[in-house]
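Subject: Structure for your attention

Dear colleague,

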Amino acid sequence: MDYSNATTAELPVTPRFDPPPRHRGGPWRELSGALAMGMSVLAVVVVVFQVLAFIRGMPGPGALTVFGHIAAAALAVFVQRFADRLTGWAAALSVLGVVAVAGTTLWLFWWA
């Protein structure tokens, strides 16, 4: 089509999509994301050890430990979603929540 003699109203409209605003996550948000991911990997490892122990007829970590790790990983990822999407004090509290979940899980199931 030739638009050389067209007025502005006759030109085709191309939709303009602006990218969503990006804010810098910072090292604390990245650290809490790594902790949440680490909790997820640890939960998978504990489940695999329990399954292997069951197959071999040996005692494994136990149901409380397995479900505790799964619940902690799910909670850490859930709270990390808030840390990634919020800003200010809400994001900072979410980061502290992920650190608290990871620390409590490690304390209860590994160190104590």
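A residue is called buried when its relative accessible area is under 20%. Please bear in mind that this is a predicted model.

With that cut-off, Ala53 in helix H1 can be classed at once: its relative accessible area is 11%, so Ala53 is buried. Leaving aside residues up to four places away in sequence, Ala53 touches Met58, Pro59 and Gly60.

The chain as a whole may be described briefly. It contains three helices and zero strands, and its elements run α-α-α from the N terminus on. Of its 112 residues, 23% are buried. The chain exposes about 8600 Å², and 70% of this area is supplied by carbon and sulfur atoms. Among contacts in the chain with a separation of 6 or more, 63% are between residues 24 or more positions apart.

Helix H2 covers residues 63-85, and its length can be checked by a simple calculation. At 1.5 Å a residue, its 23 residues should span 33 Å; the C-alpha atoms at its ends are 33 Å apart, which agrees.

Which elements do the buried residues of H2 pack against? They pack against H1 and against helix H3 (88-111). The buried residues of H2 include Val66, Gly68, His69, Val79 and Gln80, as well as several alanines, among them Ala72, Ala73 and Ala76.

Thr65, also in helix H2, deserves a separate word. Its relative accessible area is 19%, and Thr65 is therefore buried, given that the cut-off is 20%. The side chain of Thr65 reaches the backbone oxygen of Pro61 at 3.3 Å. Not counting residues up to four places away in sequence, Thr65 touches Val46 and Phe109.

Finally, I would draw your attention to Arg29, which lies in helix H1 (residues 26-56). Which side chain of opposite charge is nearest to Arg29, and how far away is it? It is Asp84, at 5.1 Å. A salt bridge requires a side-chain nitrogen and a carboxyl oxygen within 4 Å of each other. Arg29 is thus a buried residue that has no salt bridge. The side chain of Arg29 does, however, reach the backbone oxygen of Ala83 at 3.1 Å. Ala83 is itself one of the buried residues of H2.

Yours sincerely,
A colleague

How values were computed: Residues numbered from 1 in each chain as written. Predicted model: local features only at pLDDT ≥ 70, side-chain atom pairs only at ≥ 80, totals over all residues. Heavy atoms only, no water. Helix = DSSP H or I, 4+ residues; strand = E, 2+ residues; numbered from the N terminus. Buried < 20%, exposed > 50% of the residue type's maximum accessible area, 1.4 Å probe, protein only. Lys, Arg positive; Asp, Glu negative; His and termini not counted. Polar contact = N/O pair within 3.5 Å; in protein donor to acceptor, adjacent residues only side chain to side chain. Expected span 1.5 Å × (residues − 1). Contact = heavy atoms within 4.5 Å. Areas by Shrake-Rupley, 256 points an atom, 1.4 Å probe, with all protein chains shown as cover.
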